[in-house]
Amino acid sequence: MLVPTKKQRFQANVLPHLNSAFNLACWLTRSRQDAEDVVQEAYLRAFKFFDGFHGDDSRAWLLTIVRNTFYTWYQEQQKQRQETAFDEEMHDFGAVDVAGMAFADNNPETLLMQKDSERQLQQALQALPLEFREVMVMRELEELSYKQIAAIVGIPIGTVMSRLGRGRKLLAAILAPARQEA
Amino acid sequence: MMDHQETLELLPAFADQELGIVETQEVQRHLDSCPDCQREYAAQRIVSARFKKDAIYFNAPPHLAQRIGNALPPEPARAGSRRFSWISLGGALAAGLALVLGLGLYLNLPSDQERLTDEVVASHVRSLQVDHLSDVVSSDQHTVKPWFNGKLDFSPPVVDLAPQGFPLVGGRLDYLAGRPVAALVYRRAKHPINLYIWPSNERDAAPQLQNHQGYHLVRWTWDGMNYWTISDLAANELQNFVGLVRSTVRQ
């Protein structure tokens with residue numbers, strides 16, 4: 001009987017979390033294209049460090065790497081932006097049209113009904129600072145525990161709690177005028 | 001007794017059911033008598049629920065797994081490779097290629113089981129494309145089950161697992177192993193799960209987990225039915241789902 005190779009073990013343990021990795025990366029980069037690059041880079045790093053991984057929570061482990069890869073990438077982007085400050089077309093970062101990204105729900109009827117509500121929420125979320133956005137995505141969409149989030153972000157559990165609380169408050173404040181209109 | 005400020009700070013964790021029993025009880029006690037905290041608690045829950053419902057979940061495009069697979073470093077050759085270390089790189093590559101092709105040809109005669117695995121993965125991936133997931137969209141097992149009447153020559157057991165965190169979202173006719181089958185669609189935190197069911201004349205078989213193209217699959221046979229389920233969920237979560245299906249179907 002053949003012992004599975006590192007690559008086979010990696011593919012069995014880490015590759016199934018590709019959607020989680022991509023979802024987080026999309027929410028951080030706000031661009032599908034950039035998210036793909038970040039996720040690929042994160043997977044290559046994860047493969048390199050895979051020998052040192054002995055835990056059983058491979059999803060949280062992978063998301064930690066995705067997040068770190070993102071921040072490295074983000075800092076480089078910021079630097080480049082400063083250096084090419086006069087080239088307006090280069091990185092028009094805020095203008096990425098998230099509404100144009102594919103929706104996860106495939107049913108056109110629900111899509112139509114949810115579109116307005118989704119768009120409002122989506123815009124509100126984009127306005128949220130990164131530090132709040134990331135914990136909220138990990139909690140609400142990935143359903144990670146406070147403990148897992150604390151390990152991924154590298155902050156105490158109490159800070160996870162206060163960021164979630166403040167993030168939700170901010171979001172409610174941004175959404176409030178829209179709710180009155182409706 | 002917990003004071004007002006302490007309670008306010010703990011409300012996010014209270015809403016997320018992340019507090020211990022003692023703290024939960026203390027927050028609850030304060031909450032019962034404090035309208036301010038009640039409002040704050042309600043606000044936390046509303047935003048959280050709205051986020052879960054309306055925020056987009058970005059599923060990875062199918063080509064990304066391929067792209068990553070291609071970018072991973074190639075496997076080092078296994079035992080015996082040392083003998084070949086003197087061969088030029090080109091030669092080694094050619095030898096490796098020949099070996100892979102040879103093995104490939106030999107292994108490429110797939111068993112029925114492997115063919116079926118491929119079919120299930122293909123069906124799952126196809127179902128994730130726009131408008132393909134469900135033919136009947138309903139979270140009600142009493143709507144989904146009759147929908148199959150007249151479309152199939154058997155009646156698949158349809159169970160609702162929403163209370164356990166796997167809501168039923170719909171059903172679909174599909175075609176596997178040369179016959180029409182029932183496909184039930186469940187979700188877990190926006191991860192779709194396909195559960196295929198069709199009659200079998202084989203003996204009962206315990207669930208078997210496998211991994212294929214980045215998806216986890218579990219198949220089993222019980223009481224004259226074949227069950228195959230597939231998702232991108234973590235293996236233990238999918239096995240948890242299988243356990244729930246099995247215990248509910250038996251009732």
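Start with helix α7 of chain A, residues 146-153, where the buried residues are A:Tyr146, A:Ile149, A:Ala150, A:Ile152 and A:Val153. Looking down the axis of α7(A), those buried residues fall within an arc of 165°, so they line one face of the helix. The face turned away from that buried side carries A:Lys147 and A:Ala151, both exposed. Just after α7(A) comes A:Gly154, with a positive phi of about 80°.

Please keep in mind that this is a predicted model.

Now the chain around that helix. Of the 182 residues in chain A, 48% are buried. As for contacts in chain A between residues at least 6 apart in sequence, 67% of them join residues at least 24 apart.

Next, one residue in another helix: A:Asn23, which sits in α2 of chain A. Is A:Asn23 buried or exposed? Its relative accessibility is 0%, and buried means under 20%, so A:Asn23 counts as buried. What does the side chain of A:Asn23 make a polar contact with? The partner is the side chain of A:Glu142, at 3.2 Å. Leaving aside residues up to four places away in sequence, A:Asn23 touches A:Val137, A:Leu141 and A:Glu142 in chain A, and B:Ile56, B:Tyr57 and B:Phe58 in chain B.

That brings us to the two chains together. In this model, 60 residues of chain A are in contact with 49 residues of chain B. The area buried between chain A and chain B is about 5,100 Å², and carbon and sulfur atoms give 58% of that area.

How many salt bridges are there between chain A and chain B? The count is seven. One salt bridge pairs A:Lys169 with B:Glu40, with the closest N and O atoms 3.6 Å apart. Polar contacts across the interface of chain A and chain B come to 23 residue pairs.

Which parts of chain A supply the side that touches chain B? At least two residues each come from α1 (6-13), α2 (18-29), α3 (32-49), α5 (108-127), α6 (130-141) and α8 (157-181). By residue type, that side of chain A divides into 32 nonpolar, 16 polar and 12 charged.

That is all I have; thank you.

Terms used
Residues are numbered from 1 along each chain as its sequence is written. Chains are lettered from A and ligands numbered from 1 in the order in which they are written. This is a predicted model: local features need pLDDT of at least 70, side-chain atom pairs count only at pLDDT 80 or more; totals for chains, interfaces and linings use all residues. Side-chain values use heavy atoms; hydrogens and water are left out. Contact means heavy atoms within 4.5 Å. Buried area is the accessible area (1.4 Å probe) that two parts lose on being put together, summed over both. A salt bridge is a side-chain nitrogen of Lys or Arg within 4 Å of a carboxyl oxygen of Asp or Glu. A polar contact is a pair of N or O atoms within 3.5 Å; within protein, one must be able to donate a hydrogen and the other to accept it, and residues adjacent in sequence count only if both atoms are side-chain atoms. Helices (H or I, at least four residues) and strands (E, at least two) are DSSP runs, numbered from the N terminus. Ala, Val, Leu, Ile, Met, Phe, Trp, Tyr, Cys and Pro count as nonpolar, Asp, Glu, Lys and Arg as charged, and the others, Gly among them, as polar. Buried means under 20% relative accessible area, exposed over 50%, partly exposed in between (1.4 Å probe, protein chains only). The arc is that of the directions from the helix axis to the C-beta atoms.
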